[in-house]
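Subject: Handing over the structure

Hello,

Here is the structure I promised to pass on to you.

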Amino acid sequence: MTSAPTAMTVADTDVLRDALGLLKDREQVAERLLDSSAKHSFDPDTELDWDAPLEEGKWFWPPELVSLYGTPLWKRMSLEQQQDLSRHEAASLASLGIWFEIILMQLLVRHIYDKPVTSAHVRYALTEIADECRHSKMFARMIQKGGAPTYPVSRLNHNLARVLKTVSTTPGSFACTLLGEEILDWMQRLTFPDERVQTIVRGVTRIHVVEEARHVRYAREELRRQMVTAPRWERELTRISSGEAARVFSVAFVNPQVYTNVGLDRREAVAQVRASGHRREVMQNGARRLTDFLDEIGVLRGAGRRLWRSSGLLA
Ligand SMILES: [Fe+2]
Ligand SMILES: [Fe+2]
């Protein structure tokens with residue numbers, strides 16, 4: 001009877017010390033990100049030459065990162081048709097990027113709603129929202145410049161995300177954010193140095209990679225903290241919801257309308273992409289940094305891990 005209150009006091013002290021440590025860490029991370037934002041931020045409207053004509057014979061996305069690359073269908077396509085597919089896939093990925101960023105902006109606004117407005121953590125979130133505003137406009141401009149249509153996600157995914165971005169501030173939503181950001185980021189890191197690619201696409205991806213590194217850091221650190229502080233049921237839910245998101249994501253990554261729009265049979269193209277070992281490797285390489293991190297902080301366990309496996313993103 002007498003020892004119980006003492007034990008609880010010690011435990012309470014530990015919890016408090018951990019919480020203070022996490023909050024201090026949160027401020028330090030945000031201060032560093034604010035510093036880096038002050039030094040390396042870009043205005044795409046003035047930084048890039050939007051009036052320069054497109055270059056004849058160049059790709060809009062590195063061929064090895066185009067979904068059909070290396071398949072029997074790809075080998076039957078002319079170079080012109082392959083490059084046209086890269087133009088449509090770049091537009092499809094940019095559309096997906098804008099969708100993610102709009103979700104993320106709303107998530108961030110809701111994340112900071114109850115937090116101290118002068119904290120570095122909130123000031124950095126506002127900085128990131130400003131980054132994403134510029135990015136979304138930049139991606140939209142890139143789609144228009146390339147002349148391909150925009151490619152919205154399916155009605156179902158559009159509405160699933162409407163629910164997520166309206167109600168969730170949990171670790172699950174940060175895990176989903178990272179899923180969107182990190183695979184696209186990995187592809188963009190291979191795109192901006194590639195001289196076979198259109199100059200405007202290289203410029204857009206270079207700006208995005210520089211600014212995105214901070215976003216990934218912010219989301220990772222927040223997710224790491226939340227996976228320590230969240231109740232057990234919420235950590236379990238994060239494992240399952242992120243696994244399910246990975247499954248949806250791997251299917252929705254490229255809008256299959258791109259195949260129809262370059263004159264291919266959509267069903268045959270989708271089947272060949274699904275069967276492509278090269279494509280599986282590309283997607284797993286793109287996801288590896290993320291899956292290593294999620295594994296480290298305990299997201300890839302149990303049923304969640306099985307879902308990640310079935311998405312094809314985890315080997
Ligand atoms: Fe972005
Ligand atoms: Fe971002």
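How many salt bridges does a search of the whole structure find? The search finds 23 of them, where a salt bridge is a side-chain nitrogen of Lys or Arg within 4 Å of a carboxyl oxygen of Asp or Glu. I come back to some of these further down.

A word on conventions before the rest. This is a predicted model, in which local features need pLDDT of at least 70 and side-chain atom pairs count only at pLDDT 80 or more, while totals for chains, interfaces and linings use all residues. Residues are numbered from 1 along each chain as its sequence is written, chains are lettered from A and ligands numbered from 1 in the order in which they are written, and side-chain values use heavy atoms, with hydrogens and water left out.

The overall picture

The protein chain has 13 helices and 0 strands. Both kinds of element are DSSP runs numbered from the N terminus (helices are H or I with at least four residues, strands are E with at least two). The C-alpha trace spans about 80 × 45 × 30 Å along its principal axes. For 315 residues, a compact globule would have a radius of gyration near 20 Å, and the 21 Å of the protein chain agrees with that; the radius is taken over C-alpha atoms, and the globule rule is 2.2 Å times the number of residues to the power 0.38.

Of the 315 residues, 49% count as buried. Here buried means under 20% relative accessible area, exposed means over 50%, and partly exposed lies in between (1.4 Å probe, protein chains only). Among contacts (heavy atoms within 4.5 Å) between residues at least 6 apart in sequence, 82% join residues at least 24 apart.

The two iron ions

The iron ion (ligand 1) is coordinated by Glu101 (OE), Glu132 (OE), His135 (ND1) and His208 (NE2), at 2.0 to 2.2 Å. Donors are N, O and S atoms within 2.8 Å of the metal (3.2 Å for Na, K and Ca), and sites may look incomplete because water is not among the atoms. The 4 donor atoms subtend angles of 86 to 174°, which makes the arrangement irregular. For reference, four donors count as tetrahedral if all angles lie between 85 and 135 degrees; four count as square planar and six as octahedral if opposite donors are over 155 degrees apart and all others between 65 and 115; anything else is irregular.

Along the chain, the donors of the iron ion (ligand 1) follow the spacing E-x30-E-x2-H-x72-H. Glu101 lies in helix α4 (residues 79–112) and Glu132 in helix α5 (residues 120–146), so this pair ties together parts that are 31 residues apart in sequence. Glu101 is buried at a relative accessible area of 5%, and Glu132 is buried at 0%.

Glu132 coordinates both iron ions, which are 3.3 Å apart. With Glu132 in helix α5 and His215 in helix α8, the pair ties together parts that are 83 residues apart in sequence. His215 is buried as well, at 0% relative accessibility.

Arg214 lies in helix α8 (residues 199–229) and is buried at 4% relative accessibility. Its side chain makes polar contacts with the side chains of Ser36 at 3.4 Å and Ser37 at 3.1 Å. A polar contact is a pair of N or O atoms within 3.5 Å; within protein, one must be able to donate a hydrogen and the other to accept it, and residues adjacent in sequence count only if both atoms are side-chain atoms. Arg214 also touches other residues, including Tyr124 and Asp131.

Asp131 is buried at 1% relative accessibility and meets Arg134 in a salt bridge (2.7 Å, N to O). In helix α7 (residues 171–191), Arg189 and Asp185 are 4 residues apart, about one turn of the helix, and their closest N and O atoms are 3.0 Å apart in a salt bridge. Arg189 is partly exposed at 34%, whereas Asp185 is buried at 1%.

Enjoy exploring the structure!

Definitions and conventions:
Lists of a residue's contacts leave out its neighbours within four places in sequence.
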